[in-house]
Amino acid sequence: RPSGHHPMGPIRKTMLTIYFLLIAVSEPLPLKVSRIRYSATTNTRSDYFESSIARFTPITVEPSNGVELREQVVIDDINAVVQPILDEFAQLYNTSFSFGFSNQIGSSSLVAGVDDIWSKVPITTHTRIPSGSTTKSWTAAAILQCCEKGLMSLEDRASKYVDPVLMRLNKSSMGSLWGSSVQDVTIDHLMSMTSGIQDYDDEAAAQFTIHHPNDDITPIDYIWSVNKTLICQPGSCAYYSSIGYMLLGLALVQVHGFESWEDFDQKAIIPENLQSRYVDTIFPKGGPCTKYDNISHQYLSYRAVYSKIYSYNLYSDMIQYSCLNGWTCGNIASTGQNLANYWWDLFTLQLVSNASMQAMQEFKPLENKWCPSCYYGKGLILSPAPWKMRDPSVDPREVLLIGHAGMDWASGTSPLCGLSDGAIPFGICLSHNSAKGMNCSLADVRDNDFAMRDVSCRVYDAVLGVLGLPRLNCSHDVYPKPHPIPICQWSYNIPSAIRGIN
């Protein structure tokens with residue numbers, strides 16, 4: 001048990017702690033939350049991946065670099081080929097998309113689908129989609145801006161900045177929570193996922209949110225409840241952990257002289273001359289998503305296979321639930337266009353210096369099983385070859401994408417969210433309001449699982465085609481037959497039979 005005073009009060013503290021322990025040791029609930037974390041299509045590391053990262057050269061982009069483009073004509077051409085794809089797949093998979101493209105010629109914003117399925121209100125170019133871990137890149141940029149100003153150093157011990165905030169809010173410290181070995185954890189370790197600190201229990205957090213729709217899980221809650229056994233000694237492994245980015249958030253609170261985590265403005269990394277490019281980006285800090293303007297509905301999917309004959313699928317609207325999905329690690333809500341702008345502005349050094357940009361791209365292979373071919377830098381993820389090429393002789397690194405996808409409880413950004421580092425670099429992002437397709441009319445409803453990978457590839461391929469770059473092979477595997485007979489259902493809210501502990 002961690003030491004210190006928990007600010008939630010003894011009753012809720014006990015409830016949350018016991019709940020996370022029960023989830024950890026009990027049998028899975030009949031209906032498990034489906035929350036996808038994206039990985040490359042290859043399931044094991046290979047010599048190709050290792051040689052790829054060894055040969056990888058960190059990039060920065062000059063706004064004037066690249067092939068001379070036909071300015072607005074190119075934007076119009078991209079819109080002309082991407083919009084029909086979004087329309088087709090929004091209907092096929094019964095979900096909604098927000099697309100953005102950005103480089104020196106300007107930016108594009110496209111949408112397709114219905115945001116509120118109950119009132120048939122369509123998604124708009126200003127609909128803010130909760131996008132989860134894409135937040136981490138913004139937090140990393142905020143830390144690097146502080147380093148550039150001399151307010152901290154990457155080599156500083158994290159406890160120097162985190163402990164004063166923990167003591168104010170929780171009467172604890174990193175040492176009292178994790179033990180003496182955590183005292184060696186630096187700011188760099190937290191940013192590069194090499195601290196050894198474990199990630200929170202994603203399934204437990206999801207179930208707590210479902211069972212307690214009126215409660216937020218604060219960063220102090222997450223830090224309090226996480227397993228305190230280190231995965232490895234600091235600096236000796238790379239293991240994805242959102243907890244590390246919450247601790248970075250607390251460090252930013254201390255550096256900027258704020259009292260509590262609620263006081264920190266995560267959008268402050270954007271300079272004044274660029275703020276008009278981010279009017280649709282916010283960082284919710286608590287309460288239901290209905291509390292915030294233009295937040296999209298997001299539809300959580302469940303699946304349970306009762307037998308080899310029948311399967312059960314449920315799609316539920318999460319608009320009335322907490323919009324705080326991991327402060328400074330997962331609480332961004334934005335549009336495809338704003339996020340495409342972010343990747344372009346970041347890599348063209350309008351947010352951080354060249355030295356900081358190089359530091360963000362010091363990639364190390366992650367040891368998490370859910371992302372076996374992923375490499376993590378500082379707020380950036382690299383998968384050297386997640387795309388198949390139409391021409392097998394073309395090196396997939398010619399369409400390399402560097403960025404950070406993310407998932408909220410249901411909505412998020414697809415694997416297509418980052419900077420495309422090819423002959424013509426550009427920022428691109430595709431956001432969606434459900435983790436998978438939601439069409440109960442498909443011949444095999446399991447095909448909904450392919451939605452995000454399918455549409456991401458086709459959209460990226462279309463953009464590459466307009467720019468005259470190598471094209472993608474977007475074919476994918478299908479589920480084997482026979483398949484369970486689907487029982488597909490929609491719900492305006494999480495049914496009490498699922499929310500309750502029976």
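**Helix packing and the core**

Reply: Helix α5 (residues 159-170) and α10 have axes that come within 8 Å and cross at roughly 90 degrees. Axes here are lines fitted to C-alpha atoms, for helices over the stretch in contact, and angles run from 0 to 180 degrees between N-to-C directions. That makes α5 roughly perpendicular to α10; the word covers 65 to 115 degrees, while under 35 is roughly parallel, over 145 roughly antiparallel and the rest oblique.

Me: Which residues of α5 and α10 make the contact?

Reply: On the α5 side they are Y161, V162, P164, V165, L166 and R168, and on the α10 side L247, L250, A251, V253, Q254 and V255. Contact means heavy atoms within 4.5 Å.

Me: And what's that contact like by class?

Reply: It has ten nonpolar, one polar and one charged residues. Ala, Val, Leu, Ile, Met, Phe, Trp, Tyr, Cys and Pro count as nonpolar, Asp, Glu, Lys and Arg as charged, and the others, Gly among them, as polar.

Me: Before we go on, is this model predicted or something else?

Reply: This is a predicted model, where local features need pLDDT of at least 70, side-chain atom pairs count only at pLDDT 80 or more, and totals for chains, interfaces and linings use all residues. Residues are numbered from 1 along each chain as its sequence is written, and side-chain values use heavy atoms, with hydrogens and water left out.

Me: OK, at what angle do α4 and α10 pack?

Reply: Helix α4 (residues 135-148) packs with helix α10 (residues 242-255) at about 40 degrees, and their axes are 10 Å apart. So α4 and α10 are oblique to each other.

Me: What about the classes in the α4 and α10 contact?

Reply: There you get eight nonpolar, two polar and one charged residues.

Me: New topic: how many residues are in the largest nonpolar core?

Reply: It has 90 residues, and W178, I187, I243, L247, L346 and F347 have the most contacts inside it. A nonpolar core is a set of buried Ala, Val, Leu, Ile, Met, Phe, Trp, Tyr and Cys residues joined through side-chain atoms within 4.5 Å. Buried means under 20% relative accessible area, exposed over 50%, partly exposed in between (1.4 Å probe, protein chains only).

Me: Where does the largest share of this core come from?

Reply: From α10, with ten residues.

Me: And what does L247 touch?

Reply: Leaving aside neighbours within four places in sequence, L247 is in contact with V162, M174, W178, L190, I197 and I223.

Me: Last one: how much of the protein chain is buried?

Reply: Buried residues make up 59% of the 502 residues.

Key. Helix = DSSP H or I, 4+ residues; strand = E, 2+ residues; numbered from the N terminus.
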